[in-house]
Amino acid sequence: MTLQVVSRGPQRRATLKTRQNVSRLGGNELAAFRSVIAAVLDRPDNRGYQYFAGWHGVPDGICQHHNNLFLPWHRGYLYHFELALQDVDPTVTLPWWNWLEERGIPPAFDDPEVDGQPNVLASAPVTPVGVPAQDWFPTKTHRAPWDPDLPGPGPQAPPLREFDLGDQRVDTLKWLMSATTQSDFSQRCWRVHDNIHVWVGGEMGDANWAAFDPLFWAHHTMVDRLWRMWQYEHQGADPAPAIIDQPMTFLKPPSFTVREVLDVTQLGYEYSGQTSRSVPGPT
Ligand SMILES: [Cu+2]
């Protein structure tokens, strides 16, 4: 889905690609996304799924977590991966998993079969590029959503409309959006994000392997969307001067600075429903 926008300033017309909720994709859109994932899974080179998944964990491990590069680094990461998908089909964008509103894992990623064939979004092979397989490597992704009957608090199951902070329960979206600085928002966001990784379990619960599970991308697209929404509400609340011009490491050009990923429209995409300055509804 594309959207025409005219930017301010010199007559410049950019075509933005729109990211959508995976559970609101039309049948043809979902089929197109699924077949692009299948196609990149079949590419054994530096345009393929396994290559990009390897940036996050085995073998490259360049991801940024639990620091102020968490949001900008993952935005750049999604950008690179989405470009690889669009190299196969330019109409495809990364859909998000709205774990604030949706119960459990979206059917698009959970149904074990589609038309009698294994669903590539439900489980994918794990074959990191350029490293010989070792005993401890998984061969395929699996998931193990947390059993609520286990002792101890454990992570919370989606939908995360409310989030338990230990000493109080909060409206998750309001709590996230009410952060007044980028670093406070970033910390709140990674806390909710971590909960989802742990709840999904399996490869998603381990940063070495998380990106090999196709669900990873929908999870992080939701995180990126929340950041986008927060940026609308807090215009000008930029990351700290100490990091804003910091270059980030990606294994292909462009290697963005933090500043260069602040405006998603400069990266060529926008989120469905994100057309005004107000936080959109639960799309
Ligand atoms: Cu993550």
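Asp115 sits out in the open: with a relative accessible area of 76%, it counts as exposed (exposed means over 50% relative accessible area, buried under 20%, and partly exposed in between, using a 1.4 Å probe and protein chains only). Asp115 is found in the loop between strand 3 (113-114) and strand 4; helices (H or I, at least four residues) and strands (E, at least two) are DSSP runs, numbered from the N terminus. Asp115 also has a positive phi of about 50°, although it is not a glycine. Most residues other than glycine have a negative phi, and most peptide bonds are trans. Two cis peptide bonds turn up here as well. One joins Val58 and Pro59, with omega about 5°, and Pro59 belongs to the loop between helix 2 and helix 3. Another joins Pro158 and Pro159, with omega about 10°, and Pro159 is placed in the loop between strand 4 (117-118) and strand 5 (162-164).

A word on the source: this is a predicted model, in which local features need pLDDT of at least 70 and side-chain atom pairs count only at pLDDT 80 or more, while totals for chains, interfaces and linings use all residues. Residues are numbered from 1 along each chain as its sequence is written, and side-chain values use heavy atoms, with hydrogens and water left out.

As for the chain overall, it has eight helices and seven strands. A compact globule of 283 residues would have a radius of gyration near 19 Å, and the chain, at 18 Å, agrees with that (the radius is taken over C-alpha atoms, and the globule rule is 2.2 Å times the number of residues to the power 0.38). Buried residues account for 51% of the 283 in the chain. Of the contacts with a separation of 6 or more, 69% are between residues 24 or more positions apart, a contact being heavy atoms within 4.5 Å.

Gly54, part of helix 2, is buried with a relative accessible area of 0%. Beyond its neighbours within four places in sequence, Gly54 is in contact with Pro59, Asp60, Gly61 and Phe212. In helix 3 there is Glu82, which counts as buried at 5% relative accessibility. Apart from its neighbours within four places in sequence, Glu82 touches Arg19, Thr93, Leu94 and Tyr269, all in contact with it.

Then there is the metal. The copper ion is coordinated by the NE2 atoms of His193, His197 and His220, at 1.9 to 2.1 Å. Donors here are N, O and S atoms within 2.8 Å of the metal (3.2 Å for Na, K and Ca), and because water is not among the atoms, sites may look incomplete. Along the sequence, the donor residues follow the spacing H-x3-H-x22-H. His193 and His197 are four residues apart in helix 6 (residues 182-200), so about one helical turn separates them. Both His193 and His197 are buried.
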